[in-house]
Amino acid sequence: MKKKTLIGMALILAIAISVISGTLALYTTTIDNLAKGSVVAKEFVLLENGTDTFVQDVKIAPTETVSWAFSIKNFKDSVVSETAMNLAIKLSITAATGKTAIAPLVVTVKDEDGTVVGTKTGTGTIEFKDTFTLKAEGQTHTYTVAINWPSSEADASYTTEDGDFGSSINVSVTGTQA
């Protein structure tokens with residue numbers, strides 16, 4: 001009887017192992033390249049527009065005004081910036097190299113609508129902000145800088161023959177994604 005029980009137990013164990021191994025079997029399959037993608041940086045273009053009309057060593061005297069324009073754009077040829085842009089524009093008004101600044105000069109900046117966006121007398125900075133909105137076509141912003149020397153009797157000392165007086169204006173623009 002021990003033999004029968006032992007053989008029976010062996011058969012039950014073999015059947016149990018067969019059932020268990022069939023139900024616990026793991027099946028795997030692999031699908032290669034199911035999906036594929038990538039990311040590419042958007043175009044971010046900020047350039048001068050080539051309309052800067054200011055030149056070096058422009059002569060000015062009391063009661064005169066000198067004007068010039070500069071432009072910036074958010075495109076190059078057919079490539080247009082693909083993000084909206086915040087612009088920080090800064091004009092630094094200082095003494096020209098090796099000279100003393102012309103203190104009475106009044107520098108005024110206007111946008112393309114003729115709105116005054118900043119003014120400064122003497123030396124210092126004019127800072128203002130603008131934007132390029134997100135559009136499919138390229139955009140340009142043009143600003144006009146007027147340098148005026150109001151007249152006064154004291155201004156005669158700035159027009160000496162030795163040329164010791166001169167002011168310099170430097171424009172910088174920073175664009176950041178809006």
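Me: What share of the contacts in the protein with a separation of 6 or more comes from residues 24 or more positions apart?
Reply: The model is predicted. Contacts here are those with a separation of 6 or more, and the part from residues 24 or more positions apart is 77%.

Me: What percentage of the residues count as buried?
Reply: The protein exposes about 12,400 Å², and carbon and sulfur atoms supply 56% of that area. A residue counts as buried at under 20% relative accessible area. Of the 178 residues, the part that counts as buried is 24%.

Me: In the open sheet of five strands, what is the strand order?
Reply: The pairing in this sheet is antiparallel. Strand 1 and strand 7 (116-121) are its edge strands, each pairing on one side only. The order is 1-2-9-6-7.

Me: Which residue of strand 2 stands opposite E48?
Reply: Strand 1 (residues 47-48) runs antiparallel to strand 2, and two bridges join them. E48 has as its opposite residue in strand 2 I72.

Me: How many bridges pair strand 2 with strand 9?
Reply: Strand 9 covers residues 140-148 and pairs with strand 2 in the antiparallel sense. Within this pairing A69 stands opposite T144, and F70 stands opposite Y143. The number of bridges is nine.

Me: How many residues of strand 2 are buried?
Reply: Strand 2 spans residues 65-73 and is mostly covered. W68 is buried, with a relative accessible area of 4%, and F70 is buried at 6%. Of the nine residues in strand 2, the buried ones number seven.

Me: Are the rings of W68 and F70 stacked, edge-to-face or tilted?
Reply: A pair of aromatic rings is described by the distance of the centres and the angle of the planes. Ring centres must lie within 6.5 Å to pair, and planes count as stacked under 30 degrees and as edge-to-face over 60. By this rule the count comes to three aromatic pairs. The centres of the W68 and F70 rings are 5.8 Å apart and their planes are at 40°, so the pair is tilted.

Me: Which residues form the aromatic cluster?
Reply: F70 of this cluster stands opposite Y143 in strand 9. The members of the one cluster are W68, F70, F128 and Y143.

Me: Over the ring of which residue does the charged end of K73 sit?
Reply: A charge sits over a ring if NZ of Lys is within 6 Å of the ring centre and within 35 degrees of the ring normal. The charged end of K73 is 4.8 Å from the centre of the ring concerned, that of F75.

Me: Which residue of strand 8 stands opposite L87?
Reply: Strand 5 (residues 85-95) and strand 8 run antiparallel and are joined by nine bridges. The residue opposite L87 is D130.

Technical notes:
Residues numbered from 1 in each chain as written. Predicted model: local features only at pLDDT ≥ 70, side-chain atom pairs only at ≥ 80, totals over all residues. Heavy atoms only, no water. Pairing = 2+ DSSP bridges. Helix = DSSP H or I, 4+ residues; strand = E, 2+ residues; numbered from the N terminus. Buried < 20%, exposed > 50% of the residue type's maximum accessible area, 1.4 Å probe, protein only. Phe/Tyr/Trp six-rings, centres within 6.5 Å; stacked < 30°, edge-to-face > 60°. Contact = heavy atoms within 4.5 Å. Areas by Shrake-Rupley, 256 points an atom, 1.4 Å probe, with all protein chains shown as cover.
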